[in-house]
Every structure is written in C-alpha cells, then in structure tokens.
Amino acid sequence: MITVKEINKYFGDKQVLKNISINYMPGKCSMIIGASGSGKTVLLKSLVGLLEPDSGEIWYGDTLFSSLDFQGRKNIRKEIGMLFQGGALFDFATVEENVRFPMDFFTEWSREEKRDRVNFCLNRVNLENVNKLYPSELSGGMQKRVGIARAIALNPKYLFCDEPNSGLDPHTSIVIDQLISEITAEYNITTVINSHDMNSVMEIGDHVGFIYKGELVWVGDRNNILTATHKELNEFVFASNMAKKMKEMMGVSG
Amino acid sequence: MKNALELFGRYYLLMRIVLVKPDRWRIFWKQFIVDTEKLILSSIPIVAVISVFIGAVIVIQTAYNIENPFIPKMYVGYMARESLVLEFCSTMIALILAGKVGSNISSELGSMRISEQIDAMEMMGINSANYLILPKIVSSVVFNPLLMLMSFMVGLLGGAGIIIFTGVINMGQYTEGLQYAFRSYYIFYSMIKMSAFSFVITSVSSFYGYYATGGSLGVGRSSTKAIVVSSISILVVNLVITQLMLN
C-alpha cells in the first residue's frame with residue numbers, strides 16, 4: 001500500500017501540487033487522471049522519487065519513502081517497476097538485455113535462470129522471438145510490452161505506468177490495459193497509472209483520482225465517474241463530441 | 001559569476017556520485033570494454049592521420065626556419081620531437097578529442113536523458129551516473145595517454161616520411177636530432193597532462209549530457225557547451241600542469 005499525505009510541490013513560484021493526500025491499495029489499478037499540465041506526471045514522479053515534493057509524506061507500507069536518501073530508497077526501488085510514456089527501453093541493448101538489466105544488478109541468478117525469467121516475462125506480455133531485436137526494430141505497442149516485461153522482471157510490489165497508451169491505436173491500447181490489469185490482480189501489485197485516456201479509465205480504473213490545477217478534486221472509480229456531478233471532472237470526461245452525445249443518450253446529469 | 005559557481009557546484013555533486021565504487025564490478029568491466037572500444041579504439045584513425053600530417057608539417061616548417069649554416073640540421077629532428085612531445089601530442093590531440101569524444105558522450109547521455117532511459121535506471125535503484133560515466137572516465141584516463149604515445153610515434157614517422165619524399169634534410173641528421181638531449185621526463189609530463197585532459201573531456205561532456213533538457217534541441221545545445229567548456233578547461237589545465245611540472 002502507498003500512502004500520500006499532504007504533498008505540495010512548487011516550480012519557482014508556481015504551485016503544481018496542492019496538498020494532495022491519497023491511498024493506493026494492492027491488487028487494484030489506481031488511476032491519476034487530469035488534463036495536460038494539471039500536475040499528474042509531477043505527482044507520479046514525486047511518488048517514485050524522481051521529483052522531490054517540497055512538503056508532505058509518501059509512505060510505502062511502513063516506510064517513509066520521502067525521508068530516505070538514494071541508498072535508503074534503493075531497497076524500495078527494487079520492488080518498483082515502472083513503465084514510461086515512451087517505453088524508455090535502452091537503445092544500446094537488445095530486448096533480452098533490457099528485460100535482464102535489473103536482474104544483472106540485483107540478483108545472483110545464473111545465466112540460465114535469468115534467461116528463463118526473461119522468456120517468462122516476455123511470454124507473459126505475449127511477445128515471442130523478439131529476444132535479439134533492438135528497441136528501434138519494434139513497434140510502439142511492442143516497446144510498451146517490453147517495458148512491462150522489464151517492469152515485472154523482479155516481481156515488483158509496486159507498478160507505475162506513465163501514460164501507457166500514448167501513441168497507441170485503440171486496439172493495442174486495450175491489449176496493454178488488460179495486460180496491466182491482469183498482472184496487477186495476478187501478483188497483487190499496487191499499480192498507479194497516470195492517464196488522460198477515458199477508454200483506459202473505463203476499462204481498468206478500479207480507483208480513480210482526478211487532478212485539476214494541481215489539486216485532487218475527486219476520488220472514485222470507473223462505476224461512478226460517469227455520474228459524478230463535479231463540474232471540472234464532467235468537462236474532462238465528456239470533452240469529446242462523441243462523449244457528449246453518449247451523455248445525452250444516457251441522460252447523465254451534471 | 002553566480003551561475004558559474006552554481007554550475008561548478010552541480011558538476012562537483014555529480015562527480016561525488018560518479019566517483020564511487022561500482023555496484024557490480026562485472027558490469028563495470030563490461031561497460032569499460034564497450035567504452036574503450038567506442039572512445040579510444042575508434043579515435044585511433046583520426047589521431048593517426050592528424051599526427052602524420054602535423055609531424056610532416058613541423059619538419060618542413062622547422063627546416064625552412066633553420067636556414068642558418070651555423071645551426072646544425074639535426075635540430076630539425078630535435079625541434080620536431082620537442083614540439084610533438086611537449087604540446088602537440090597532448091594538448092592538440094586533447095582538443096581534437098574534446099570535439100570528437102566530447103560530442104559523442106554528451107549527445108549519447110543527452111539522448112538517454114530526454115528519452116527517460118536515465119530515469120528508468122534511477123527507478124530501478126541503479127546509480128545511473130556511476131554506471132554510465134565512471135567507465136568512460138576510467139577508460140579515457142587510462143588509455144588516452146597511450147593514444148598520446150601513439151600520436152608521438154606516428155608524428156615522428158610523419159616527419160621521417162616527408163624527409164624521404166622531399167630530402168629537406170637527410171635521415172641521419174633527423175634521427176640524430178631525435179636522440180639529442182632526450183629527456184624521458186617530458187614523456188611522463190605529457191602523459192600526465194593527457195590523463196588530466198581526458199578526465200576533463202569525459203567528465204565535463206558527461207555533465208552536460210547527463211543534465212540535458214529541452215528535447216533534441218537541448219541535446220544539441222549540451223553537445224556544443226560540452227565541447228566549448230572542455231576546450232577552455234583543457235587550456236587552463238594545460239597552463240596549471242605546465243607551471244607545476246616544468247617550472
């Protein structure tokens with residue numbers, strides 16, 4: 001479980017996160033949604049320590065993550081997998097080497113054990129015969145899947161996904177969403193997903209937090225997001241013409 | 001002034017996390033070999049070509065300037081050797097490497113930074129600066145002095161080559177000059193200089209690449225800054241080491 005307590009973040013004079021408190025539970029896909037520039041990426045990067053909040057606390061289980069230094073965070077980071085927006089696969093390494101990378105650093109496994117684990121992870125994300133390919137030889141969807149395979153290589157307790165569907169076609173987006181959802185349930189992972197894709201939210205959003213101008217203004221799930229009465233959330237959810245027409249057809253108020 | 005101090009402070013802090021014991025020695029040595037191939041071995045052709053031509057030009061210019069019959073012709077060889085060992089093979093080659101190797105390092109790290117590959121390493125709990133930069137520094141500091149020695153040899157051969165082609169002096173005079181008043185300390189001095197320059201080139205270029213921002217344009221800007229700052233730093237370090245070791 002991850003607990004966020006009253007975190008604030010400033011860039012210069014501009015406050016980009018305002019007093020955010022939220023809990024993320026194991027076995028659930030928790031989503032951070034909001035318009036571009038609302039602060040959701042800053043929140044995600046603050047959660048994993050790539051940005052430091054100016055105040056507030058971030059707890060991983062019983063450990064106060066936000067007070068630890070690099071060495072202290074190292075142990076928790078071994079339990080974290082992260083899928084980056086662009087995949088962030090290492091250009092200099094093959095698919096196999098990318099997935100094996102954390103194993104080389106943090107395990108004493110033999111070469112065969114590592115190879116088996118790489119193959120298991122790649123099979124889990126439905127990739128075959130790509131071990132020797134370089135990231136530049138893969139499609140966007142395949143890169144995302146390799147990113148997921150690398151993220152789960154060491155059986156993480158926490159999985160963070162930054163815009164996992166950006167740049168993907170609707171069908172591939174659903175495949176990636178379902179994969180994240182399955183892995184989350186299968187290994188009881190605490191998954192936090194940063195997205196502005198409403199299809200994703202409706203597909204896998206077990207727990208949804210809406211950020212507006214740096215403030216967490218609504219918390220719910222995919223079942224009650226369409227009927228929520230929060231004005232800014234409604235504008236975000238029903239932004240497209242198609243969504244507006246659906247809203248009229250459904251007779252949703254707000 | 002404030003910006004310069006701030007920049008130096010960030011550079012110092014980066015070096016503090018770079019110059020620590022690697023997490024895994026096996027991974028370090030693997031990366032060390034990769035970087036040696038990329039930064040040192042791939043520089044051999046350009047260094048060799050430049051050294052041949054500079055050696056030849058030094059011999060021609062020196063011979064042209066020593067027209068006085070009272071000055072023995074063997075001084076052409078002597079002057080060529082001293083010019084090469086004292087300044088050309090370390091400082092000039094370092095300036096060339098600042099362009100070639102420096103831009104390579106800063107653009108590589110800059111691209112990794114903007115495509116979040118460095119963030120991905122940090123997320124895994126890996127000291128990305130140590131993993132990516134330390135092998136480059138160690139490789140350059142250890143092997144670039146050997147590159148300097150090679151440049152020295154090839155430069156002398158270039159001088160010999162032009163003597164064979166033009167007969168500006170005879171080969172006996174040239175080799176006599178090469179052996180005249182030889183001080184092995186100059187070789188040591190030049191190798192030390194080259195090691196220091198190599199540290200400057202790799203660390204400064206890595207610094208600008210590691211903290212690159214602003215997309216592909218930012219990577220280009222960081223490469224340019226890396227080359228300019230490395231080059232100026234080399235000249236300053238050259239002055240300091242020369243004062244310390246030769247005065």
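Tutor: Helices are DSSP runs of H or I of at least four residues, strands are runs of E of at least two, and both are numbered from the N terminus. Here, A:Arg145 is found in helix α5 (residues 140–151) of chain A. This is a predicted model, in which local features need pLDDT of at least 70 and side-chain atom pairs count only at pLDDT 80 or more, while totals for chains, interfaces and linings use all residues. Residues are numbered from 1 along each chain as its sequence is written, and chains are lettered from A and ligands numbered from 1 in the order in which they are written.

Student: Is A:Arg145 buried or exposed?

Tutor: A residue is buried if 20 or more other C-beta atoms, placed from the backbone, lie within 10 Å of its own, exposed if 12 or fewer, and partly exposed in between. A:Arg145 has 26 C-beta neighbours inside 10 Å, so A:Arg145 counts as buried.

Student: Which residues does A:Arg145 touch, not counting those up to four places away in sequence?

Tutor: Two residues are in contact if their C-beta atoms, placed from the backbone, lie within 7 Å. On that basis A:Arg145 touches A:Val125, A:Asn126 and A:Leu127. A:Leu83 is 62 residues from A:Arg145 in sequence, with 9.1 Å between their C-alpha atoms.

Student: How many residues does each chain give to the contact between chain A and chain B?

Tutor: Chain A gives 14 residues and chain B gives 13 residues. On the side of chain B, helix α5 (residues 117–123) gives the most, with five residues.
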